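Student: I would like to go through some of the terms used for this model and see what each one rests on.

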Amino acid sequence: KLEELFSELESGVGSLKKAKEQIGLYKQSVLKAAFSGKLVSEEMAGVGGRRSEVRGQRSVVPMVAEPGGEYGVNDLPEGWRWVKLGEVTDSLQYGTSDKASTDSSGVPVIRMGNIQDGKLDFSNLKYMSRSYSNLEKYLLKDGDVLFNRTNSAELVGKSAIYKKHHPKSIFASYLIRIKVDKEKYIPDMVNYYINSSFGKDYIRSVVSQNVGQANVNGTKLKNMPVPFIPLDQQHLIVTEIEKRFTEAEYLQKSIDEGLAKAEALRQSILKSAFEGRLVSE
């Protein structure tokens, strides 16, 4: 009876895990479409080149891509062009290498483990004293993008964005702070691009290996090709990405709840079995 019930349970768990993997693939497909000029092409241009109002301006994204240009990467829509990340940023800065502690009365120090799935995770923190002499130097500001410059080959290059509603924090030495020129680029766009397949492909192409650790320095990061997109289109793209990611994350939460219930059901089945209730009839 146990084998019969567990077989059914495993089948359901397998389906949930497969669906969870598909969500990850879906999110990558959203980012790929976004930075190929396809995500908002229907909303902004339509089949016949329909116009769209964006913050009082009018813009059109043609459906036909033009050759990408000097950086030798994929084609871009008309009006877009390739630039280097350094051209749309004000500065890049390495984090503090000073020792932090577990004293939670201090200021949180964001480390590479606190970057998860393109977002900041404020669990498992370490802290720096509030009297730390370099506190202002490393204090994070709204819109700062944090790039993980050293990690395993699979995880190096992940990034997340610091928002003003986050706890007052500084950042550690394995991270690089990217201060985006907000007159040229939306910080969220930089974060999404680094976490897209385009950004990941570039990271893999420039990564250096040293004693089991992969590294991407600030110079290589500055040279990352990114599509230069008109700001009105950037706002539309960010809105579309966030809408679709919110839906995907809601579904992922439901799947995680289903997996937790499946584990609870497994324990319940075992309890019933060894209390003699599973086959009592």
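Predicted model: local features only at pLDDT ≥ 70, side-chain atom pairs only at ≥ 80, totals over all residues.

Student: Why are helix 1 and helix 7 called roughly antiparallel?

Tutor: Helix 1 (residues 2-34) and helix 7 (residues 231-274) pack at an angle of about 165°. Angles over 145 degrees count as roughly antiparallel, and therefore the term applies to helix 1 and helix 7. Their axes lie 10 Å apart, and the crossing of helix 1 with helix 7 is left-handed.

Student: What makes up the contact of helix 1 with helix 7, by residue class?

Tutor: That contact has 24 nonpolar residues, eight charged and two polar.

Student: How do you know that strand 11 and strand 15 pair?

Tutor: Pairing requires at least two bridges between the strands. Strand 11 (residues 145-148) and strand 15 (residues 175-180) have four bridges, in the antiparallel sense, so they count as paired. Val145, for example, has Ile178 in strand 15 as its bridge partner.

Student: What makes strand 6 and strand 13 edge strands?

Tutor: The open sheet has four strands in the order 6-15-11-13, paired antiparallel. Strand 6 (89-94) and strand 13 (159-161) each pair on one side only. On average, neighbouring strands of this sheet are turned by 20° against each other, with direction ignored.

Student: Which strands does helix 4 touch, and what is its angle with strand 13?

Tutor: Helix 4 (residues 187-194) packs on the sheet and touches strand 11, strand 13 and strand 15. The direction of helix 4 makes about 160° with that of strand 13.

Technical notes:
Residues numbered from 1 in each chain as written. Heavy atoms only, no water. Axes fitted to C-alpha atoms, helices over the stretch in contact; angles between N-to-C directions. Helix = DSSP H or I, 4+ residues; strand = E, 2+ residues; numbered from the N terminus. Parallel < 35°, antiparallel > 145°, perpendicular 65-115°, else oblique. Left-handed = near helix turned anticlockwise from the far one by under 90°. Nonpolar A, V, L, I, M, F, W, Y, C, P; charged D, E, K, R; others polar. Contact = heavy atoms within 4.5 Å.
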